[in-house]
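Reader: I am new to this and would like to learn how to read helices and strands. Could you take me through a few features, one at a time?

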Amino acid sequence: MVMNDTVRRQLAALPKADLHVHLDGSVKPGTVLDLAARKGIELPADTAEGLLPYMRVTDECENLVEYLSKFQFVLRFMQDAESIERIAFELIEQAAAENVIYIEVRFGPHLHTNEGLTHDEAIAAALRGLRRGEERFGIAVGLIVINMRHESEEVNREVTAAALRFRGQGVVAVDLAGDEAGYPASLFRELFRPARESGMPVTIHAGEAAGAANIEEAVVGLGAARLGHGVRLREDGRVYELVRERGIPLEMCPISNMQTKAVAGWEAYPLRDYLRDGLKVTVNTDNRTVSDTTLTKEYEMLILRCGLTIEEIAATVRNSLDAAFAEPSAREALKARLQSACVELGIAL
Ligand SMILES: O=c1[nH]cnc2c1ncn2[C@H]1C[C@H](O)[C@@H](CO)O1
Ligand SMILES: [Zn+2]
């Protein structure tokens, strides 16, 4: 498949969904410039362009741990409610510009408490920004609260409790992110117990920097209803079947997966095989700024480097809407929008 003008037009107009995007990985460099000036923080460059090397990874990134080191730079500017709200709003604005109709944004509240914000205040600020974006751009939004693998049990217990307090007010799920190879999923069974017991959906970053055993533990031990990445699922046939039989959606993030070296290269990227094998594959950005990506760019790479068709791209969007942590009626309405757009665009769905 090549990218002719018809496909480009179809891609641009296709309604999209992003289930896996980190707030702190998607900050616009121009916003950092502005926030730094207001806060009197000195920057290593005085243009948006000049800040990019500090905010994005290069192809030379060796692994997930190196990738994660990029987040420190922006977190300094995300320690007050107003900045968090603004950055959340601007993320919805960026998504709206490429026809995203549904988005679940995720962030780790504890990363925003260095200057005294509480977890609840950080969550409330993110929700205000998302709501404002939702109203302005007509996009349906949800917030996923992240527990970080390197944080203490006590901190993560509090983060989870805060997430549960905001259930029904915009927080749709809890997640586990950070250094997967250094902190296996099995350490977090107890942490996710309250979420499991209260029916709050759980999604877990797994099978990105560690193998299929971590995916099995995420599903069986932690109760994951979806998996962040899941790229390395094919390493174990038994776990592969488990995920396929249960229809557990994979939140794949192709460009990020290349950068963290979760796979050797595009030739080895398993997304097309997973999709054709009936796994519930979804396509997401992970971090718009850190990974220098957009959903359109992710789709283009999948078409050019993995041979996906526009129909298969549309099928991944439908998978995302099916997998959305949203009310069934909202999911159906979004799917109807996708369906009618596909009819108009001549894409068989
Ligand atoms: O792809 C990822 N894998 C694991 N952790 C990640 C990934 N992208 C971002 N994070 C971490 C770094 C951020 O500071 C944190 C909260 O968004 O989540
Ligand atoms: Zn992620």
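Author: Gladly! Let's begin with handedness: a crossing is right-handed if the near helix is turned clockwise from the far one by less than a right angle, and left-handed if anticlockwise. Helices here are DSSP runs of H or I with at least four residues, strands are runs of E with at least two, and both are numbered from the N terminus. This is a predicted model, in which local features need pLDDT of at least 70, side-chain atom pairs count only at pLDDT 80 or more, and totals for chains, interfaces and linings use all residues. Residues are numbered from 1 along each chain as its sequence is written, while chains are lettered from A and ligands numbered from 1 in the order in which they are written.

Reader: Which way does α1 pass α14?

Author: The crossing of α1 with α14 is right-handed. For angles, axes are lines fitted to C-alpha atoms, for helices over the stretch in contact, and angles run from 0 to 180 degrees between N-to-C directions. The axes of α1 (residues 5-13) and α14 (residues 295-306) cross at roughly 145 degrees and come within 10 Å.

Reader: Which residues make the contact of α1 and α14?

Author: Two residues are in contact if their C-beta atoms, placed from the backbone, lie within 7 Å. Here Val7, Leu11 and Ala12 of α1 meet Thr296, Tyr299, Glu300 and Ile303 of α14.

Reader: How do α7 and α8 cross?

Author: The axes of α7 (residues 119-137) and α8 (residues 153-165) come within 9 Å, crossing at roughly 45 degrees. Angles under 35 degrees count as roughly parallel, over 145 as roughly antiparallel, 65 to 115 as roughly perpendicular and the rest as oblique, so α7 is oblique to α8. This crossing of α7 with α8 is right-handed. His119, Asp120 and Ile123 of α7 touch Glu158, Val159, Ala162 and Arg165 of α8.

Reader: Is β5 buried or exposed?

Author: A residue is buried if 20 or more other C-beta atoms lie within 10 Å of its own, exposed if 12 or fewer, and partly exposed in between. Five of the five residues of β5 are buried, so the strand is largely enclosed by the rest of the structure. Val202, Ile204 and Ala206 point one way, Thr203 and His205 the other.

Reader: Why is α10 called largely enclosed?

Author: Seven of the ten residues of α10 (residues 212-221) are buried, so the rest of the structure largely encloses the helix. What covers those buried residues includes β5 (202-206), β6 (226-229) and α11 (237-246).
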